[in-house]
Amino acid sequence: MTERLEPDFRLGLTGAIVSYLSWGLMPIYWNLLEGAGSVEVIAHRILWSLLFIPLVMAVRGKLRSAWSDIKSILTSPVTALLLATAACFAGLNWWINVIAVLSGHVVELGIGTFLTPLISVSCGVLFFRERLSRTKTAGVMLAMTGVLIMIVSFGHFPWISLGVSATWGIYGALKKKLMLDAWVSILLEGLMMMPVALGYVFWLSSIGENHFLPTVNPELSLCLAGTGIVASIPLIFFTIAAVNLPMNVLGFCQYISPILTLLLGILFFNERFGWGELFTLLFIWSGIAVFLLAEVHEHRKAH
């Protein structure tokens with residue numbers, strides 16, 4: 001079995017910040033792909049990532065050692081099954097993110113990502129036996145109150161909000177369970193999804209619905225090819241964070257992304273956002289502040 005890594009808190013925190021800044025701003029890029037379908041975008045994201053990641057690994061001299069790790073991982077049925085499950089949840093999460101932008105629900109997407117940390121914290125408590133202090137529990141309850149109020153105010157079932165949070169929270173828990181090298185893990189996930197992605201692109205070509213046509217639409221084709229780089233970098237940093245941070249800390253770092261996504265929905269996409277939504281966000285921000293202050297206090301006390 002491949003070597004398990006020792007947690008590094010600072011490295012994990014850096015990975016979390018970089019990944020969530022990137023994901024928070026991602027709707028701008030998905031908006032450039034409006035001419036293509038959401039599933040087609042995800043298929044290209046998978047395929048182009050499989051060109052970008054091995055190239056970077058080769059430049060860093062990690063490709064040969066990664067191959068031995070991959071062989072040892074695939075000889076473990078449990079590890080392979082967990083990784084395949086993680087890949088499924090990742091692909092579903094990507095699709096929800098893209099369809100939310102292309103269908104004009106960026107604010108709902110941002111609100112949904114506020115739920116993800118709550119699921120991550122719950123996974124940490126349920127599956128990894130992480131304990132929350134009373135102060136952290138109070139922070140979670142404040143954030144949960146704000147999010148629940150916002151969901152109720154939608155007036156319809158918020159499947160984008162619930163779907164994006166549930167899929168990503170479970171994905172993070174699976175990556176925490178696996179504790180694999182970031183590059184190896186992401187490469188394997190892509191390889192597992194490749195047959196479906198490649199088959200879908202070929203099917204689109206057979207019915208004349210393929211939008212990757214450089215001679216007809218070079219801008220859209222370039223953006224489709226760029227999904228490999230745009231999507232892979234934050235995913236790698238997230239894997240680093242998931243391996244090195246406790247689930248409860250990782251959960252609350254995720255609030256960076258929804259804050260940016262909400263701002264994009266309001267200021268860039270001109271979607272509705274009133275005083276009622278802002279009032280409920282005060283609960284969430286208060287919860288974040290309480291939780292992070294407790295985390296800083298505990299970290300200083302431990303060191």
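A patch is made of residues with over 30% relative accessible area and no salt bridge, nonpolar side chains being joined within 5 Å. The views below show a predicted model.

**View 1. Nonpolar surface patch formed with residues of helices α11 and α12.** The side chains shown are I259, L263, L267, F279, L282 and W285, which together make a nonpolar surface patch of about 580 Å². Helices α11 (256-268) and α12 (275-302) each contribute at least two residues to the patch. L263 belongs to helix α11. With a relative accessible area of 42%, L263 is partly exposed.

**View 2. Salt bridge between E189 and K175.** The closest N and O atoms of the two side chains are 2.8 Å apart. E189 is in helix α8 (residues 182-206) and K175 in helix α7 (residues 159-178), so the contact ties together parts that are 14 residues apart in sequence. Both partners are buried: the relative accessible area is 1% for E189 and 3% for K175. The count for the model is 1 salt bridge.

**View 3. Aromatic cluster containing Y20 and W23.** A search of the whole structure gives 12 aromatic pairs. In the pair of Y20 and W23, the ring centres are 5.6 Å apart and the planes meet at 55°, so the pair is tilted. Y20 and W23 are 3 residues apart in helix α1 (residues 9-31), a separation of about one helical turn. Y20 and W23 are buried.

**View 4. R45 over the face of W94.** R45 is placed at 4.1 Å from the ring centre of W94.

Notes: Residues are numbered from 1 along each chain as its sequence is written. This is a predicted model: local features need pLDDT of at least 70, side-chain atom pairs count only at pLDDT 80 or more; totals for chains, interfaces and linings use all residues. Side-chain values use heavy atoms; hydrogens and water are left out. A salt bridge is a side-chain nitrogen of Lys or Arg within 4 Å of a carboxyl oxygen of Asp or Glu. Helices (H or I, at least four residues) and strands (E, at least two) are DSSP runs, numbered from the N terminus. Buried means under 20% relative accessible area, exposed over 50%, partly exposed in between (1.4 Å probe, protein chains only). Patches are made of residues with over 30% relative accessible area and no salt bridge: like charges are joined within 9 Å, nonpolar side chains (Val, Leu, Ile, Met, Phe, Trp, Tyr) within 5 Å. Accessible areas come from the Shrake-Rupley method with a 1.4 Å probe; for residues, only the protein chains shown count as cover. Rings of Phe, Tyr and Trp (its six-membered ring) pair if their centres lie within 6.5 Å; planes under 30 degrees apart count as stacked, over 60 as edge-to-face and the rest as tilted. A charge sits over a ring if NZ of Lys or CZ of Arg is within 6 Å of the ring centre and within 35 degrees of the ring normal.
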